[in-house]
Amino acid sequence: MSLKGVIDRFTLVSGLEMKDVSRYLPIIEDCRLYFEERLHDDLSEADQRRAEHACAVYAFYKISMMGSADALKSFRVGDVQMEPEPLGAYAERLWAEERESIADIVDIGNIGSGIFRSVRV
């Protein structure tokens, strides 16, 4: 899994510009290493890309849980009042969906989940 691939996907998922991503590089790299340790062997190129995307979503989730991500509460466009989904809730929902979709290629257990999933003996 390439760091560049994870960062490219992180910018897409987060909406941040590349110049703003640099402050999050240590967290993104930690997430990449965490995923690499848990990847199944001999993944296809398509599965590697899936893992990179999931890693980017996980990094976005972790960063959004750090605090001030929900600063924008609402705004007005003309006569319409907009109240976007809080960023933390959005990131959590994305990660929950992604976690389920990569269960076949990454052993992540219940990380980032409020649900107790399974016990391995």
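1. Cysteine 55 counts as buried, with a relative accessibility of 0%. This value, like the others in this note, comes from a predicted model.

2. Cysteine 31 also counts as buried, at 3% relative accessibility. For both residues the label follows because buried means under 20% relative accessible area.

3. The cut-off for a disulfide is a pair of cysteine sulfur atoms within 2.5 Å. The structure holds zero disulfides.

4. The next points concern a pair of helices. Two packed helices are described by the angle between their axes and the distance between the axes. Helix α1 covers residues 3–14 and helix α3 covers residues 25–38; their axes come within 10 Å and cross at roughly 120°. That angle makes α1 oblique to α3. The crossing of α1 and α3 is right-handed.

5. Which residues of α1 and α3 make the contact? On the α1 side they are Leu3, Val6, Ile7 and Phe10. On the α3 side they are Leu25, Ile28, Glu29 and Arg32.

6. By residue class, the contact of α1 with α3 has six nonpolar residues, two charged and no polar ones.

Conventions:
Residues are numbered from 1 along each chain as its sequence is written. This is a predicted model: local features need pLDDT of at least 70, side-chain atom pairs count only at pLDDT 80 or more; totals for chains, interfaces and linings use all residues. Side-chain values use heavy atoms; hydrogens and water are left out. Axes are lines fitted to C-alpha atoms, for helices over the stretch in contact, and angles run from 0 to 180 degrees between N-to-C directions. Helices (H or I, at least four residues) and strands (E, at least two) are DSSP runs, numbered from the N terminus. Angles under 35 degrees count as roughly parallel, over 145 as roughly antiparallel, 65 to 115 as roughly perpendicular and the rest as oblique. A crossing is left-handed if the near helix is turned anticlockwise from the far one by less than a right angle, and right-handed if clockwise. Contact means heavy atoms within 4.5 Å. Ala, Val, Leu, Ile, Met, Phe, Trp, Tyr, Cys and Pro count as nonpolar, Asp, Glu, Lys and Arg as charged, and the others, Gly among them, as polar. Buried means under 20% relative accessible area, exposed over 50%, partly exposed in between (1.4 Å probe, protein chains only).
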